[in-house]
Amino acid sequence: MSEIGNDGVISYELKEFKLFEPLFKWARKKSLWIVAFCTGCGGIEIPPLATARYDFERFGIMPNPSPRMGDLFLITGYVTPKTLKRIIITYEMMQDPKYILAHGSCPINGGVYWDSYNVVKQLDRYIPVDVAIAGCMPRPEAVMDGIMEMMRRIEDGTADGWKRYRENYEYYRRNQDELFGEGWREKEARRWLAWI
Amino acid sequence: MNEILIILFTPLLAGVLAWAFDFRGVREVIGLIGAAVPLAYLVKLYPAVIEKPVDYALTVGGFTLQFQLGTMSWYFAAVASLVGLAMAFGLVATSRSGYDWLFALMSFTGVLGVFLSQDFIGFFLLWELMTFASFMMVLKRNRHESLKYFVLSVIGAYAMLLAIGILYARTGALDFETIRQALIIDVSLGTIGKGETILLFTLFLTAFGVKAGAVPLHVWAPGAYSETDQSYTAFFSGALSKAGVYGILLIYMLMGYKLYAELGTFHGHLTFAYVIAWIGAITVVVASFLAVLQEDIRKLFAYSSVGQVGYILLAFGVGSPLGFAGGLFHVLSHAIFKGLFWLVTAAIILQTGRTRFRDMGGLAEKMPFTFAMGLIAVLSLAGIPPMAGFASKWLIYEAAIQAHMPLVAGAIFLGSGLAFAYVVRFLYGVWFGQRPSELEDVKEAPLPLLLAMTILAIPNLVFGVAPGVVTGYINRILMGDVVGGDYYRLVTQTGTYNALLVSTALVIGLAIAGLVYLYGAKARRVPVTDTYQSGNPVTEEFNLSIRRNFYRPLAEALEFWLRYSWDRFYERLAKLSEDFADALRQAFYNGNVQSYSWYLAIVLLILALWGVL
Amino acid sequence: MIDWKLILEVIGILLYATFMGFIFMGIERKAMARIQRRVGPPLYQPIIDTLKLLGKKESISHGFIYDFGPVFALGASIAALLFIPIANFQLFSSNADLIVVAYLLEVPMLGIMLGAMSSGNPFSAVGVQRGLLTMVAMQLPYGLALIALIQHWGTFKLSEIVALQGAQGWSVTVPALLIAMIVFDIVFQAMLGLEPFDIITAPAEISMGPMVEYGGKHAAILFTQHAVQIFAETAFFAVLFLGGASNLLELLIKQIAVLFIAIFVASIYPRFTIDQAAKFFWKWPTILGIIAVLLTV
């Protein structure tokens with residue numbers, strides 16, 4: 001547990017606002033800010049969502065470049081180990097409650113890369129996925145449907161990936177370390193030192 | 001024993017003693033006493049001074065030096081003594097030698113003497129004492145910069161001497177009162193012509209402009225301010241530059257009417273005052289732009305100091321009573337916030353041994369008290385209400401706009417924006433962001449330095465919330481109800497500023513915001529490396545701060561103007577004269593006896609032709 | 001001795017200003033969406049966003065100043081608001097003048113910058129740099145516009161400026177002040193942080209600039225601050241150039257008019273780089289400003 005940035009992730013107190021919780025729940029549903037982290041081929045499916053034809057802003061969805069303010073993490077396509085490291089770091093940077101929407105078949109089971117040596121087959125083992133959309137690639141309508149599903153889940157409280165991540169942190173952590181090796185964060189950081 | 005004599009010469013005496021008994025502990029105590037005595041006596045004399053001026057005459061070798069503690073001298077002397085006391089506390093921590101104490105306290109005496117003198121003999125002598133002492137302080141650290149300071153000071157001194165000589169020749173007097181009367185009478189007599197008046201004005205302006213650091217005579221300031229003990233710089237920039245400002249007031253007092261009569265008005269402004277206002281405005285803009293682009297903490301504050309004194313010149317140049325009120329107030333607030341800045345700088349340099357921004361960062365956690373003091377100084381300099389810096393700046397704004405000097409007032413706006421920019425550069429470079437690993441074991445500054453900062457920080461807050469205390473006294477100086485209102489409220493003809501109400505509103509706002517803050521989830525502390533880097537992991541080895549060229553885009557936007565520099569111009573001039581002298585020497589002093597005899601013959605011939613022989 | 005009426009007014013105006021500020025932000029997004037032929041979010045969307053941010057169950061801190069920055073910014077915005085005459089509510093405005101309000105409106109910037117700097121993020125640092133340079137750049141034309149206004153009306157007091165405009169017609173009807181208003185409007189664009197001067201946040205470029213490390217309640221405070229600020233600034237504009245207002249509805253109409261100009265400009269222009277912005281500000285707006293001040297001397 002001595003690695004960078006991990007100590008605090010699970011060791012903070014949860015403060016529940018009982019009185020205003022319904023209000024906040026509604027607000028969370030109506031205001032999902034996307035951390036646009038475009039991996040794989042799904043990234044290109046996001047801009048149509050923002051344009052006049054689909055316009056996700058009418059649901060209060062807004063792309064937001066900073067993960068600290070973000071709520072909704074879109075994994076748009078296949079995930080390689082290298083990407084996964086960034087995904088985990090960005091995910092841990094987001095603040096609870098946070099939700100993950102996985103696009104397409106690849107995060108579910110590897111999709112067309114089912115036998116690739118370098119694609120993460122099952123994303124759910126490393127970070128908790130709340131809603132997954134099947135398809136290769138899902139059309140914007142399907143993505144919209146996925147977002148709608150996410151909203152429904154937020155409302156009835158079943159979108160609890162952030163809770164699962166905290167409760168089962170040991171499990172996720174073990175899987176991550178299995179894939180990347182112990183102390184991968186520092187190692188990864190050091191790797192880039194030579195380039196800057 | 002007259003109090004004025006004690007006020008004047010205790011610092012000098014203490015300095016000499018501290019130099020003589022150069023033991024750790026002894027010199028500090030002597031020096032502190034020496035620096036505290038003037039302030040104590042000034043406070044004691046306050047009731048007497050507001051009744052009527054306290055006079056004292058001192059006869060030295062046939063000359064009679066007259067000193068007077070009037071309302072204005074008291075004000076300037078009190079500001080200088082306050083900064084002087086803080087400087088002494090600072091020196092306890094930063095200085096290890098009697099040399100520093102001797103010359104620091106010597107210049108203290110010099111400054112007080114300049115403010116208290118009532119004739120040009122004492123004024124000039126103590127002015128030179130002050131210049132010499134500060135020159136010695138710089139000489140110890142850096143020869144080149146001290147010579148630059150010396151040369152410009154000498155130019156200023158000669159200018160002043162010439163002016164005094166002309167005045168003496170024309171009026172036959174050296175004391176201020178007689179000269180003033182004589183010059184007023186001279187308006188109708190007309191013995192001093194227009195050209196001569198302009199010459200006098202230019203000479204005095206040069207003399208005082210050098211000390212105040214007005215553009216284009218400011219070039220000594222950045223070097224001299226930074227190449228000395230930083231605790232001393234608190235006094236150097238906080239009080240010594242005020243001597244120049246005081247000189248400008250002296251021009252008004254002695255020659256104001258004469259200058260008005262000779263030069264007339266320009267679009268409704270006094271012509272000579274308009275010149276001063278524009279010099280001030282140009283100083284503000286140029287120095288502030290340069291301050292923004294500095295990479296060294298000392299240089300940044302040196303330029304900023306030059307710029308802030310420009311505000312005072314500008315305010316005096318407005319020429320209305322309100323302008324004087326604003327300028328005088330800014331004398332106080334500049335002394336306290338800039339003194340505070342220099343002490344903070346002294347603490348940083350003492351504790352880290354670094355001066356450049358690129359070597360610093362993240363010190364706020366290591367030196368929290370110093371940081372708090374620095375923040376007060378920043379808020380005051382940037383003119384955040386309710387701070388002393390805002391009250392004075394507000395008066396200057398009012399004065400400049402009321403006097404219908406729109407472009408000059410525009411320069412203040414630009415200058416205040418730039419002030420904002422460079423103080424934030426200071427905050428960012430020194431206090432925030434990632435801390436270099438070598439600075440991990442930096443400690444809080446020593447106690448005397450913290451005391452010194454506190455001495456200067458309290459007035460920043462007190463005179464910020466209650467600016468009426470200062471303006472009330474300034475009304476006495478200007479002998480009229482220039483700025484109305486009470487302790488907390490300033491009222492001019494056209495505007496009003498209630499410092500207490502602003503503070504209250506700010507407190508209300510902070511309370512509301514604080515409540516919202518407290519309502520939210522408890523914040524968990526994260527290290528600086530837990531930061532968004534497009535998802536990349538970072539460690540302490542990564543550089544997360546902009547260490548160099550923070551305001552690069554500004555430098556790019558100003559590319560054209562930055563090609564010209566007064567500093568380089570003077571250096572070139574110096575080089576040119578050096579080359580010229582060299583050429584002269586090689587051509588004439590060639591060591592050939594024959595050519596020397598030829599020179600003699602030619603000179604004799606010329607003299608003969610002229611009819612001397 | 002306690003002035004209950006004033007206290008009630010202050011509380012009422014603060015609530016109203018915060019609410020309307022959020023609605024203004026909503027209008028901004030909605031209008032932008034309509035211009036792009038989208039449906040756009042509901043007008044109250046910023047309120048939802050702020051609630052959501054406030055309801056985050058976790059928040060991080062990079063140290064005391066990181067927490068203090070947003071609080072200071074919101075506090076200063078509220079303080080600035082209290083000194084502007086809002087329609088027929090004078091609040092504290094009889095006690096402060098134009099320079100004080102102009103300064104108070106800039107203080108929040110320092111709060112945001114303080115917080116952003118202490119986060120230690122390079123993106124924030126770039127944001128801070130841009131923010132301050134924008135401020136330096138806009139300060140000169142801004143000052144000139146204000147000076148022209150003061151010189152024309154001969155007073156610094158906002159309440160008197162409003163009264164004089166009531167008697168002699170709005171500032172805009174005076175030719176010199178019309179020029180000043182054009183200058184002020186250009187600066188206003190930068191004050192609101194809209195294109196072409198949205199250099200500070202520059203979402204797609206430096207990921208929200210100063211705000212990059214802020215989330216949860218800190219961001220909620222910053223949003224509230226922006227709401228109060230946008231209300232205060234539009235009200236300031238209306239008071240200075242559009243004759244103030246005699247009731248809240250009139251003020252609202254003027255504020256929205258001002259806001260729409262800003263939105264229309266914002267939706268057609270791309271972003272300046274910072275040195276372009278500085279050069280721009282020091283060219284046309286400054287020249288116009290100088291003309292304005294010389295006309296009103």
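In this predicted model, the largest nonpolar core holds 391 residues, and those that touch the most other members are B:Val79, B:Ala86, B:Leu313, B:Leu340, B:Leu343, B:Ala400 and C:Ala145. The element that gives the most to this core is helix 6 of chain C, residues 122-153, with 20 residues. The surroundings of B:Leu343 illustrate the packing. Leaving aside residues up to four places away in sequence, B:Leu343 touches B:Ala86, B:Gly90, B:Ser231, B:Ala234, B:Leu449, B:Ala452, B:Met453 and B:Leu456.

The contact between chain B and chain C was examined next. On the chain B side 64 residues take part, and on the chain C side 71 residues. Several elements of chain B give two or more residues to this contact: helix 15 (388-402), helix 16 (406-431), strand 6 (496-498), helix 19 (499-519), strand 7 (523-525) and helix 20 (552-557). Helix 16 of chain B gives the most, with 14 residues. Sorted by class, the chain B side consists of 43 nonpolar, 16 polar and five charged residues. Strand pairing also links the two chains. Strand 7 of chain B runs parallel to strand 1 of chain C (residues 59-61), and three bridges join them. Within strand 1 of chain C, the residue opposite B:Arg525 is C:Ser61.

Chain B also touches chain A. This contact draws 14 residues from chain B and 21 residues from chain A. On the chain B side, six residues are nonpolar, four are polar and four are charged.

Chain A contains an open sheet of five strands in the order 2-1-3-4-5, with parallel pairing. Strand 2 and strand 5 (131-132) of chain A form the edges, each pairing on one side only. In general, strands of a sheet pair through backbone hydrogen bonds, either parallel or antiparallel. Strand 1 (residues 33-35) and strand 3 of chain A are parallel and are joined by two bridges, and A:Val35 has A:Phe73 of strand 3 as its bridge partner. Four bridges connect strand 3 with strand 4 of chain A, again in the parallel sense. Here A:Leu74 is partnered by A:Leu101 of strand 4. Strand 4 and strand 5 of chain A are parallel as well, paired over two bridges, with A:Ala132 of strand 5 as the partner of A:Ala102.

Side chains in a regular strand alternate between the two faces of the sheet. Strand 3 of chain A (residues 72-75) shows two such directions: A:Leu72 and A:Leu74 point one way, A:Phe73 and A:Ile75 point the other way, and all are buried.

Some backbone features of the loops were also noted. In chain A, the peptide bond between A:Asp96 and A:Pro97 is cis, with omega about -10°. A:Pro97 lies in the loop between helix 4 (81-93) and strand 4 (99-102) of chain A. In chain B, a cis peptide bond leads from B:Pro385 to B:Pro386, with omega near -5°. The loop that holds B:Pro386 runs between helix 14 (368-381) and helix 15 of chain B.

A:Asp55, a residue other than glycine, has phi near 50° and sits in the loop between helix 3 (46-50) and strand 2 (62-64) of chain A. A:Asp55 counts as buried because 20 C-beta neighbours lie inside 10 Å. B:Asn549 likewise has a positive phi, near 50°, and is placed in the loop between strand 7 and helix 20 of chain B. B:Asn549 is partly exposed, because 15 other C-beta atoms lie within 10 Å.

Chain B is divided into domain 1 (1-263) and domain 2 (565-610). The C-alpha centres of domain 1 and domain 2 of chain B are 37 Å apart. As for confidence, the pLDDT of chain A averages 81, and 90% of the residues score at least 70. Residues 1-7 of chain A have pLDDT below 50, and this stretch makes 14 contacts in the model beyond near neighbours in sequence.

Terms used: Residues numbered from 1 in each chain as written. Chains lettered and ligands numbered in written order. Predicted model: local features only at pLDDT ≥ 70, side-chain atom pairs only at ≥ 80, totals over all residues. Contact = placed C-beta atoms within 7 Å. Nonpolar A, V, L, I, M, F, W, Y, C, P; charged D, E, K, R; others polar. Pairing = 2+ DSSP bridges. Core = buried A, V, L, I, M, F, W, Y, C linked by C-beta atoms within 7 Å. Buried ≥ 20, exposed ≤ 12 C-beta atoms within 10 Å, placed from the backbone. pLDDT = per-residue confidence, 0-100. Domains from an automatic or database assignment.
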